[in-house]
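I opened the notebook to record what I looked up in this structure.

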Amino acid sequence: MNEPTFHSSYGSELFSLNTRFLAQHGIRTPTLYDLNNDRDQHSYDFALVEYVDGQKAETYFKHKNHKDRDEMFQRIRDMLSNMHGIQRNTYGNANDNSKKAGPCYQVQRLDAETALSYASKHMTDIRKNDERLLEKLCELEAAIQPRDLYSFIHGELGPDHIWIDHAMQPCLIDIEGAGFFDLEYEHSFLEFRFGDFYHYLKNNDLDPERMTFYQFCHHLSLISGGLKLLHRQFPDQQFARGLAEYHARCAVQMLT
C-alpha cells in the first residue's frame, strides 16, 4: 500500500502548522498575525502575514560584493542546517508521527512513474526511451538501503523560496509543503536549483544512492511539470518548453 508523503502541499492548515513548527525551532518565516479559515464570510481562507521587505536569494547570485555574498550564503547554510537538524524516525507532516506502510522513497518512485507516463505521451525523446527510463528508475530505487531517520525539509527549496531582508537575514517562504523526509530529496533539488552556488550549501554526509535516485525523480517530475505548464497556456511558453526539454536531456543522459 502506498501512502502519500504529505496529505497535500498547500492550504491554510499546513501553512499555519509549519509556520508555528519552524518558529518553535528558531527558523525564520514571515510572522503569521492572524488566520481565518472558517469561511463564514468568504469562500476562501485568508491570513494576515508579516511583509518582509527584501529580495529573493537568487538576486545575490550576481552580487558584486563577494564578501557580503559569502556572508549571506553562510547565513542561509546555517538556517538550513538548523532546519535539517530537526529529525525523527517517521516521515510526513510535522503533526503526523504515525508509522507509514512503505519507505518514503517509494512514494517518489510512484510519483516519478506517473510523471514519466505523462511525459511519454507528449515528448518524442521520452517516448522512445520510456522503458529504459522506467528500468533506470527501478534500478536506482533498488540500490537504496533502508533507514529510519528523516530530516525536516522545505520540499521545493530553490533560491526563490528564500527571502533576504535589508539586514541580509534569510527567511523561508512557501512552506506549506515542508515536512519530514529524506534529506537527500532536498539536497538533490538544491544542487540544480542553486547551480554554481550549491557549494555553499553542500553536505558531504549524504547517501549517494539516494542523491542519484532523487535527482532522477526530480528530472522526470520537471519534464512533466514543464509540459503541463505548456498545456495550461502558461504565459512564458519559452520557459516551460525549455524546462521540459532540459530535464528530458538530463534524464536520458543518466541512462548512459
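Predicted model: local features only at pLDDT ≥ 70, side-chain atom pairs only at ≥ 80, totals over all residues.

**Entry 1**

**Entry 1. H3 against H7**

I began with helix packing. Two packed helices are described by the angle between their axes and the distance between the axes. I looked up helix H3, residues 104–122, against H7, and found that the axes come within 8 Å and cross at roughly 40°. That angle makes H3 oblique to H7. The crossing of these two helices is left-handed. I then listed the residues that make the contact. From H3 they include Cys-104, Tyr-105, Ala-112, Ala-115 and His-122. From H7 they include Arg-210, Phe-213, Cys-217, Leu-220 and His-231. Sorted by class, the residues of the H3 and H7 contact are 13 nonpolar, 5 polar and 3 charged.

**Entry 2. H5 against H7**

Next I took helix H5, residues 130–142, and helix H7, residues 208–231. I found a packing angle of about 150° and axes 9 Å apart. H5 is therefore roughly antiparallel to H7, since an angle over 145 degrees counts as such. I wrote down a left-handed crossing for H5 and H7. On the H5 side the contact uses Leu-133, Lys-136, Leu-137, Leu-140 and Glu-141. On the H7 side it uses Thr-212, Phe-213, Phe-216 and Cys-217. The classes in the contact of H5 with H7 are 6 nonpolar, 1 polar and 2 charged residues.

**Entry 3. H3 against H5**

I then looked up the remaining pairing of these helices. H3 and H5 have axes 11 Å apart and pack at an angle of about 175°. This makes H3 roughly antiparallel to H5. H3 brings Tyr-105, Gln-106, Arg-109, Ala-112, Glu-113, Leu-116 and Ser-120 to the contact. H5 brings Asp-130, Leu-133, Leu-134, Leu-137 and Glu-141. By class I have 6 nonpolar, 2 polar and 4 charged residues for H3 with H5.

**Entry 4. Cysteines**

How many disulfides does the structure hold? I found 0 disulfides. A disulfide is a covalent bond between the sulfur atoms of two cysteines. I checked Cys-104 and found its closest cysteine sulfur in Cys-217, 11 Å away, which is too far for a bond. Is Cys-104 buried or exposed? Cys-104 is buried, because its relative accessible area is 1% and the cut-off for buried is under 20%. I also looked up Cys-171, which is buried at a relative accessible area of 0%.

**Entry 5. Positive phi angles**

Met-168 has a phi near 65°. Met-168 sits in the loop between strand S6 (162–165) and strand S7 (170–172). With a relative accessible area of 17%, Met-168 is buried. Asp-174 has a phi of about 55°. Asp-174 sits in the loop between S7 and strand S8 (179–181). At 45% relative accessibility, Asp-174 is partly exposed.

**Entry 6. Phe-194**

I found Phe-194 in helix H6, residues 183–194. Phe-194 counts as buried at 2% relative accessibility. Which residues does Phe-194 touch, not counting residues up to four places away in sequence? They are Phe-61, Phe-73, Leu-157, Gly-158, Pro-159, Ile-162 and Leu-201. I also noted that Phe-194 and Gly-158 are 36 residues apart in sequence and 6.8 Å apart in space, C-alpha to C-alpha.

I ended with two more residues. Arg-20 lies in helix H1, residues 12–24, and counts as partly exposed at 45% relative accessibility. From Arg-20 to Leu-32 I have 12 residues in sequence and 8.5 Å in space, C-alpha to C-alpha. Lys-64 is in the loop between strand S3 (54–56) and helix H2 (66–84). Lys-64 is exposed, with a relative accessible area of 80%. The C-alpha atoms of Lys-64 and His-154 are separated by 28 Å, and the two residues are 90 residues apart along the chain.

Methods
Residues numbered from 1 in each chain as written. Heavy atoms only, no water. Axes fitted to C-alpha atoms, helices over the stretch in contact; angles between N-to-C directions. Helix = DSSP H or I, 4+ residues; strand = E, 2+ residues; numbered from the N terminus. Parallel < 35°, antiparallel > 145°, perpendicular 65-115°, else oblique. Left-handed = near helix turned anticlockwise from the far one by under 90°. Contact = heavy atoms within 4.5 Å. Nonpolar A, V, L, I, M, F, W, Y, C, P; charged D, E, K, R; others polar. Disulfide = S-S within 2.5 Å. Buried < 20%, exposed > 50% of the residue type's maximum accessible area, 1.4 Å probe, protein only.
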